[in-house]
Amino acid sequence: STVEYGLEAPFEVEFHDSIPSTNARARDLAQEGADDVVVLADEQTGGRGRLDREWSSPSGGIWLSVLSRPDIPATHAPAYTLAAAVAVARAAREAGVDARIKWPNDVVVPDTGADGETVERKLAGILTEMEGEADRVSWVVVGMGINANVDPGDLPSEAEPTTLLGEAGGVDRRLFTQRVLEEFDELRGDLDAVVPAWREYATTLGKRVRVDTPGGDVVGDAVDVTFPGALVVDTGDERVTVTAGDCEHLR
Ligand code: BTN
């Protein structure tokens, strides 16, 4: 059902109690020609993460996908994805959570145990899908999976998850979603502002990393992120610019 959301951003919001995947639904809407639609669900039964992983999406979360038709080349789409991570991190900070962004777009919260070891627990992930020509995308679907009012025990422990319930005692999901969408709308209109904003929340910069890229592992110090969202890794021998891959923080 379409709901009135009191948003300043120009999105129409379609809400589902339960749906297989908001990204899949948003892709269908894209094929029908829709634009600026947000698909939101309380629960997903077939949620998907990056690299075709399953994404646990129990009731109480904020599972949403934003469909838009920006006038950008496909190569700029990573900035769109980073914008979503920044939007979620900002909303989480406003809720009192020490949210940071692990390259490229995992929103994490540090958790230091009694042994002094810090684990970065994942609060949210972003999955972007798109279609179109290289020089101009036809549509982009940015999926945001935010572990909101969910018991961390209801999420797979190997994902080292955390939730807004655990970090902040829970949030008003409507207000939180509103803040995320407003921030995202602002950033998508000013893509040059995305990387500087992203750097403010970065946890990856300054760390030793291993990035599992399509061309093999890159190990070194993460020194910068450049437009539209590439990670610059100093391997000791050279500076390598990595545009995609899974990133592990080594220390
Ligand atoms: C990741 O692997 O970190 C990305 C997770 C993205 C999950 C969200 S939940 C809303 C949208 N619908 C999906 O099926 N996936 C994304």
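Two strands pair if DSSP finds at least two bridges between them. Strands (E, at least two residues) and helices (H or I, at least four) are DSSP runs, numbered from the N terminus. This is a predicted model: local features need pLDDT of at least 70, side-chain atom pairs count only at pLDDT 80 or more, and totals for chains, interfaces and linings use all residues. Residues are numbered from 1 along each chain as its sequence is written.

Q: In E13, which residue is the bridge partner of Val 211?
A: Strand E9 and strand E13 (residues 246-249) run antiparallel. Four bridges join them. The partner of Val 211 in E13 is Cys 247.

Q: Which residue in E10 stands opposite Arg 210?
A: E9 (residues 208-213) and E10 (residues 216-226) are antiparallel, with six bridges between them. A hairpin of two residues links E9 to E10. Opposite Arg 210 stands Val 219.

Q: Which residue in E8 stands opposite Leu 67?
A: E4 and E8 pair over seven bridges. Their sense is antiparallel. Leu 67 faces its opposite number in E8, Val 141.

Q: How many residues surround the ligand?
A: A residue counts as near if its C-beta atom, placed from the backbone, lies within 6 Å of the molecule. Among the closest are Ser 21 and Gly 49. Helix H1 (22-31) and strands E4 (62-68), E7 (118-133) and E8 (136-146) each supply at least two residues of the shell. The total is 21.

Q: How many residues of the shell around the ligand are charged?
A: Asp, Glu, Lys and Arg count as charged; Ala, Val, Leu, Ile, Met, Phe, Trp, Tyr, Cys and Pro as nonpolar; the others, Gly among them, as polar. Six shell residues are nonpolar and eleven are polar. The charged ones number four.

Q: Why does the radius of gyration of the protein chain agree with a compact globule?
A: The radius is taken over C-alpha atoms, and the globule rule is 2.2 Å times the number of residues to the power 0.38. With 251 residues, a compact globule would have a radius near 18 Å. The chain agrees because its value is 17 Å.
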